[in-house]
Amino acid sequence: MEREGRFEFDRAYLDRLAAGDPDTERHFTRYFGDLLSIKLRSRLRSPAQVDDARQETFLRVMKALRQPGGIQSPGGFGAFVNSVCNNVLFEMYRAHSRTLPLEEEVGPALPDPGVDAETAAGLDEDRALVRSVMESLPQKERQLLHWLFFEECDKDEVCRRLDIDRNYLRVLLHRAKHRFRAEFVSS
């Protein structure tokens, strides 16, 4: 049911969406398409990246809906879609960091002749934002994320360095990623 421009999701809506109802799928992509595009355009400079991230978000949400048990809380559906989008963004930044090292580690990046100036400026902004968010984290969380996502250290190696077991590493990583996302979204 719609109220003041917001849509209230219910179990029947999620069931129709999971079943592949064309009208419900159209509503879902229209409703979230604009919202996701606005969010993604503020964080990604390339229209192709925005489209890729939006489509990946839709794909992951649909996959989650169609899994046994699906999404249990229709009232939290909007927040779920937003969280999936945040995860997609985080993974895009992670993939990007593998190909473009941080400036403080290797010096300024040379311009890529195949990248226009606007895209290059956007990439520099993205790196600066990720760097700023990383610097705002507590030392332990910053180090953990750096080891796992920038250095791509093996989790067993990280456990050895921190003298912890894998289960506790999972908890620490969850907390660090949660704090990173919260800081990133608020930036």
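Residues are numbered from 1 along each chain as its sequence is written, and side-chain values use heavy atoms, without hydrogens and water. Because the model is predicted, local features need pLDDT of at least 70 and side-chain atom pairs count only at pLDDT 80 or more, while totals for chains, interfaces and linings use all residues.

**Core**

A nonpolar core is a set of buried Ala, Val, Leu, Ile, Met, Phe, Trp, Tyr and Cys residues joined through side-chain atoms within 4.5 Å. Buried means under 20% relative accessible area, exposed over 50%, and partly exposed in between, with a 1.4 Å probe and protein chains only. The largest such core has 45 residues, of which Phe28, Phe32, Phe77 and Phe180 touch the most other members. Elements giving two or more residues to this core include helices H2 (22-41), H4 (77-99) and H9 (166-186). H4 gives the most, with 8 residues. Helices here are DSSP runs (H or I, at least four residues), numbered from the N terminus.

Leaving aside neighbours within four places in sequence, Phe180 is in contact (heavy atoms within 4.5 Å) with Phe90, Val130, Val133, Met134, Leu137 and Leu145. Leu145 is also one of the buried residues of H7, as are Glu141, His146 and Trp147.

**Helix H3**

The 20 residues of H3 should span 28 Å at 1.5 Å a residue, and the end C-alpha atoms are 29 Å apart, which agrees. The expected span is 1.5 Å times one less than the number of residues. Buried in H3 are Val50, Ala53, Arg54, Thr57, Phe58, Val61, Met62, Ala64 and Leu65. These residues lie on the same side of H3, because they cover an arc of only 165 degrees around the axis; the arc is that of the directions from the helix axis to the C-beta atoms. The face turned away from the buried side carries the exposed residues Leu59 and Lys63.

**Cysteines and backbone**

With a disulfide taken as a pair of cysteine sulfur atoms within 2.5 Å, the count is 0.

| Residue | Relative accessibility | Class |
|---|---|---|
| Cys85 | 0% | buried |
| Cys159 | 6% | buried |
| Asp163 | 71% | exposed |

Most residues other than glycine have a negative phi. Asp163, which is not a glycine, has a positive phi of about 55 degrees. Asp163 sits in the loop between H8 and H9. Glu152, which follows H7, has a positive phi near 55 degrees.
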